[in-house]
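Q: I would like a close look at one part of this model, with attention to charged side chains and their surroundings.

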Amino acid sequence: MAKLRHLAIAAKDPDAMADFYMKAFDFKLVRTSDGPLAYGHHISDGTIDLAILRFKTDQIGKGMDYTGLHHFGILVEDLDEAQKVALSFGGKHYMDQDNPDRTGGFEVKLYGPEGVLFDVAEHPWTGSEALPAAVKEAAD
């Protein structure tokens, strides 16, 4: 079963915003990044990765001044199958991760209904909880 494990907020000042959530809610800093898509911090409550980012490209068509919820990420068991199913229901492919060795982040980005951007990955985001292990059914 797929699980929500990542939320991304577009922020003008990711340093100040991450500091606020870490102090106010005792979230932990799990990673700081400055890549081609965004600069910012990943903080976590141990279950979900909350990315607070200043984006370098307009991925969602709201302009570079947009702040607020940007996208979410879904952790799946089988990336290819999940992407195939999402596309079959009208999802649109946006981009793939350009570094196949990178784990702890998205592997593919898709647009869903009304153009909402979301990530799909087989690997948990840094600081987020993995999928539950499959449990064998009890013997009869």
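Is Lys28 buried, partly exposed or exposed, and at what relative accessibility?

A: Lys28 counts as partly exposed, because its relative accessibility is 46%; buried means under 20% relative accessible area, exposed over 50%, and partly exposed in between (1.4 Å probe, protein chains only). This is a predicted model, in which local features need pLDDT of at least 70, side-chain atom pairs count only at pLDDT 80 or more, and totals for chains, interfaces and linings use all residues. Residues are numbered from 1 along each chain as its sequence is written, and side-chain values use heavy atoms, with hydrogens and water left out.

The side chain of Lys28 meets that of Asp26 in a salt bridge, at 2.9 Å from N to O; a salt bridge is a side-chain nitrogen of Lys or Arg within 4 Å of a carboxyl oxygen of Asp or Glu. Asp26 is exposed, with a relative accessible area of 52%. Asp26 is found in the loop between helix H1 (14–25) and strand E2 (28–34); helices (H or I, at least four residues) and strands (E, at least two) are DSSP runs, numbered from the N terminus. Phi of Asp26 is near 60°, a positive value in a residue other than glycine. Most residues other than glycine have a negative phi.

Lys28 is also among the residues touched by His42, where contact means heavy atoms within 4.5 Å. His42 lies in strand E3 (residues 38–44) and counts as buried, because its relative accessibility is 6%.

Note on methods: Lists of a residue's contacts leave out its neighbours within four places in sequence.
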